[in-house]
Amino acid sequence: AEKLEDTSCNFDLSYKVYIKNVYISHASRYFLQAKQYKKALEWCAKGLNIIELYENKSSMKNKFENNETEFLETMHKSYFELGDFENAYNYYNKLENLKNLKGENSLQFKFNNLNEKFLGETNKLKITALENDNLKKESERQSIYWYFGLGIISLLLFTIGFVFYSNNKLK
């Protein structure tokens, strides 16, 4: 496959590569349905070459993975229909390996997502515990102020009472 380094268009290179790969994907499926298996194989080979050239450079890697699955499946079916069972088996294995890899990636994604939720819930519990501790400390502080205030008022009343009592006794 030729490289798509033409910068005459304003589109991003990865977008142009992706569009070309979609076109190749449709062509390969058309030739598979039309039972022109050799042409389907040629188009799939072009698509896989483009994926190989641009896969790591592209911002659309996930879409390339979907096309790669389609190309491998089309190649498997084409070789099978042509009677080349060895190549059909090889491409079937590649297809299954890619599907398993995607499955592991999605399982890893699910695991990471659950782990993030668990850590988030754990953090929420820790925050709630800290808030409860802060509320207890605040209520203790307020009760200390309350008792101190009552003590001051009691002392003041006692002093006022003592002064009145002393004044009345002196009279």
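These are my notebook entries on a predicted model of one protein chain.

**Entry 1: the overall fold**

I started with the secondary structure. The protein chain has four helices and zero strands, and read from the N terminus its elements run α-α-α-α. I noted the ranges as I went: H1 covers residues 13-33, H2 covers 37-54 and H3 covers 61-82, and H4 covers residues 85-170.

Next I looked at burial. Of the 171 residues, 23% count as buried. The chain exposes about 13200 Å², and carbon and sulfur atoms supply 58% of that area.

I also checked how far along the sequence the contacts reach. Taking contacts with a separation of 6 or more, 60% of them are accounted for by residues 24 or more positions apart.

Is Ser28 buried or exposed? Ser28 is buried, because its relative accessible area is 1%, under the 20% cut-off. I found Ser28 in helix H1. Leaving out residues up to four places away in sequence, I listed its contacts as Ala40, Trp43, Cys44, Phe71 and Thr74.

Then I turned to Ser78, which is found in helix H3. Ser78 has a relative accessible area of 0%, so Ser78 is buried.

Which residue other than glycine has a positive phi, near 60°? I noted Lys35 here, with phi near 60°. Lys35 is found in the loop between H1 and H2. Lys35 counts as exposed because its relative accessibility is 62%, and the cut-off for exposed is over 50%.

**Entry 2: salt bridges**

How many salt bridges does the structure hold? I have four on record, and I followed up some of them.

I took the pair Arg29 and Glu70 to begin with; their closest N and O atoms are 3.2 Å apart. This pair links distant parts of the chain, as Arg29 is in helix H1 and Glu70 is in helix H3, 41 residues apart. Arg29 has a relative accessible area of 32%, so Arg29 is partly exposed. Glu70 is partly exposed too, because its value is 28%.

Two further pairs sit within helix H4. Glu138 and Arg141 form a salt bridge with the closest N and O atoms 2.8 Å apart. Glu138 and Arg141 are three residues apart in H4, about one turn of the helix. I wrote down 34% relative accessibility for Glu138, which counts as partly exposed, and 39% relative accessible area for Arg141, also partly exposed.

The side chains of Lys124 and Glu121 meet in a salt bridge at 3.7 Å, N to O. Lys124 and Glu121 likewise lie in H4 three residues apart, about one turn of the helix. Glu121 is partly exposed, because its relative accessible area is 44%.

Which residues make the nonpolar surface patch of about 500 Å²? I listed Leu155, Phe158, Phe162 and Tyr165. I looked up Tyr165 in more detail: Tyr165 lies in helix H4. With 52% relative accessibility, Tyr165 counts as exposed, because the cut-off is over 50%.

**Entry 3: the largest pocket**

I finished with the largest pocket, which has a volume of about 170 Å³. Ten residues line the largest pocket, and Leu48, Glu52, Glu68, Leu72 and Lys94 lie nearest its centre.

Which helices each supply at least two residues of the lining? I found H2, H3 and H4 here. H2 gives the most to the lining, with four residues.

Key. Residues numbered from 1 in each chain as written. Predicted model: local features only at pLDDT ≥ 70, side-chain atom pairs only at ≥ 80, totals over all residues. Heavy atoms only, no water. Buried < 20%, exposed > 50% of the residue type's maximum accessible area, 1.4 Å probe, protein only. Contact = heavy atoms within 4.5 Å. Patch = residues over 30% accessible without salt bridge, like charges linked within 9 Å, V, L, I, M, F, W, Y side chains within 5 Å. Areas by Shrake-Rupley, 256 points an atom, 1.4 Å probe, with all protein chains shown as cover. 1 Å grid on protein atoms, 1.4 Å probe; cavity = no way out; pocket = protein on both sides within 12 Å on 5 of 7 lines; lining within 4 Å. Points joined across faces, edges and corners; volume = space filled by probe spheres on them.
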